[in-house]
Amino acid sequence: MGRVILAFFLAVILALGLSIFSAWNWVDGQLNKQSWLTNKADTDGESWLILGSDEREGTIGDAGDVTGFRTDTILVLTKPKSGPSSLISIPRDSLVEIDQSYMKINAVAQLYSGKQLVNEVEDITGQKINHVAMVQFGGLVKVVDTLGGVELCYNQDVSDPYSQLNWTAGCHTADGTTALAFSRMRYADAQGDFGRAARQRQVINAIVKKGTSKDTLLNFGKVKKVAEAALGSVTVDEKASTSSLMRMALAFKSASGDQGISGSVYWTDPDYYVDGVGSSVLLDEDKNLELFSELAKGTHQAGTVGTLAEQQS
């Protein structure tokens with residue numbers, strides 16, 4: 001869902017008014033690390049797996065009966081050595097197979113481990129995941145509120161009891177609770193999870209835009225509060241550092257720009273039924289491997305990608 005965008009880490013380094021060395025170490029000292037990474041050999045470019053956890057933190061949502069957590073948002077951010085950066089959604093209901101058992105990808109971390117989830121994403125993309133960042137829902141609320149809200153647009157009226165989103169068609173400045181509901185709503189959207197993924201990317205872009213604006217960066221107090229809110233609600237991989245987060249922030253900014261690439265993975269059936277699993281999204285293995293190979297090499301043209309993008313063109 002858009003989560004706590006790590007462009008704020010760059011803002012911390014630039015605007016805290018401390019020496020570069022001390023600010024660098026301040027951020028490093030705030031990182032909450034967890035073992036996520038696999039032993040897959042390095043591939044082209046650098047890739048980050050961005051996760052949003054639906055673990056309950058007193059926030060609203062459409063999955064109140066969930067125990068533990070599930071990865072409600074799955075995004076792959078790729079920065080090639082040259083060429084456009086990309087931010088691609090993997091639907092939470094994507095079908096995967098582990099130990100000859102089928103399940104939806106959003107349950108993998110809960111039922112197996114974070115490392116197993118990374119392994120599944122690497123199988124889908126064919127690319128090494130170099131770093132991981134998982135953010136709690138509550139982090140989105142805190143960061144957006146600290147920023148003073150973000151501008152979001154949606155061209156339909158919505159009154160959705162599941163996500164608790166009440167929206168009048170058009171563009172509005174959304175507070176944290178509204179931005180969270182905006183990024184979670186799917187039952188009132190004819191495009192379901194695919195529409196939600198598009199709104200999640202919109203929330204990301206809105207946070208990046210406001211978090212890196214001149215008005216934010218020149219406000220010492222706001223920068224520090226935003227950074228503390230971001231760092232307090234994100235868990236990163238065991239090899240993450242201030243340097244990797246800065247590269248991630250820059251890749252986010254590039255991917256959300258006019259020359260970036262965004263969209264979703266390719267699928268062949270968005271309502272594929274499996275006994276014991278229910279309706280799931282059957283991904284197009286060959287097209288996704290080809291897509292992410294081009295993204296990692298920097299040979300894919302800028303724009304929107306995925307099955308949904310093709311259907312709308």
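Trainee: What should I know before we start?
Mentor: This is a predicted model, so local features need pLDDT of at least 70, side-chain atom pairs count only at pLDDT 80 or more, and totals for chains, interfaces and linings use all residues. Residues are numbered from 1 along each chain as its sequence is written, and side-chain values use heavy atoms, with hydrogens and water left out.

Trainee: How many helices and strands does the protein have?
Mentor: There are 12 helices and 16 strands. Helices are DSSP runs of H or I with at least four residues, strands are runs of E with at least two, and both are numbered from the N terminus.

Trainee: Why is aspartate 93 called buried?
Mentor: Its relative accessibility is 12%. Buried means under 20% relative accessible area, exposed means over 50%, and partly exposed lies in between (1.4 Å probe, protein chains only). At 12%, aspartate 93 therefore counts as buried. Across the protein, buried residues make up 55% of the 313 residues.

Trainee: What makes arginine 186 and aspartate 93 a salt bridge?
Mentor: A salt bridge is a side-chain nitrogen of Lys or Arg within 4 Å of a carboxyl oxygen of Asp or Glu. Here the N to O distance is 3.5 Å. The pair therefore qualifies. Arginine 186 lies in the loop between helix 6 (176-184) and helix 7 (192-211), and aspartate 93 in the loop between strand 4 and strand 5, so the pair ties together parts 93 residues apart in sequence.

Trainee: Which residues are joined with these two into one network?
Mentor: Salt bridges that share partners join Arg92, Asp93, Lys104 and Arg186. Arginine 92 meets aspartate 93 at 3.7 Å, N to O. For lysine 104 and aspartate 93, the closest N and O atoms are 3.9 Å apart. Lysine 104 sits in strand 6 (residues 101-104), 11 residues from aspartate 93. The whole structure holds six salt bridges.

Trainee: Why is glycine 263 called buried?
Mentor: Glycine 263 has a relative accessible area of 1%.

Trainee: What is glycine 263 in contact with?
Mentor: Contact means heavy atoms within 4.5 Å. Leaving aside neighbours within four places in sequence, its contacts are Leu87, Ile88, Ser89, Arg201, Thr304 and Val305.

Trainee: Why does aspartate 99 count as exposed?
Mentor: Its relative accessibility is 63%. Exposed means over 50%, so aspartate 99 qualifies. This residue is found in the loop between strand 5 and strand 6.

Trainee: What is the phi of aspartate 99?
Mentor: Phi is near 50 degrees, a positive value in a residue other than glycine. Most residues other than glycine have a negative phi. Glutamine 100, in the loop between strand 5 and strand 6, has a positive phi of about 65 degrees. At 74% relative accessibility, glutamine 100 counts as exposed.

Trainee: Which residues form the negative surface patch?
Mentor: Asp123, Glu285, Asp286 and Glu290 form the patch. Patch residues have over 30% relative accessible area and no salt bridge, and like charges are joined within 9 Å. Asp and Glu count as negative. Glutamate 285 has 56% relative accessibility, so it counts as exposed. The largest share of the patch, three residues, comes from helix 11 (residues 285-297).

Key
Patch = residues over 30% accessible without salt bridge, like charges linked within 9 Å, V, L, I, M, F, W, Y side chains within 5 Å. Areas by Shrake-Rupley, 256 points an atom, 1.4 Å probe, with all protein chains shown as cover. Charge placed at Lys NZ, Arg CZ, Asp CG, Glu CD.
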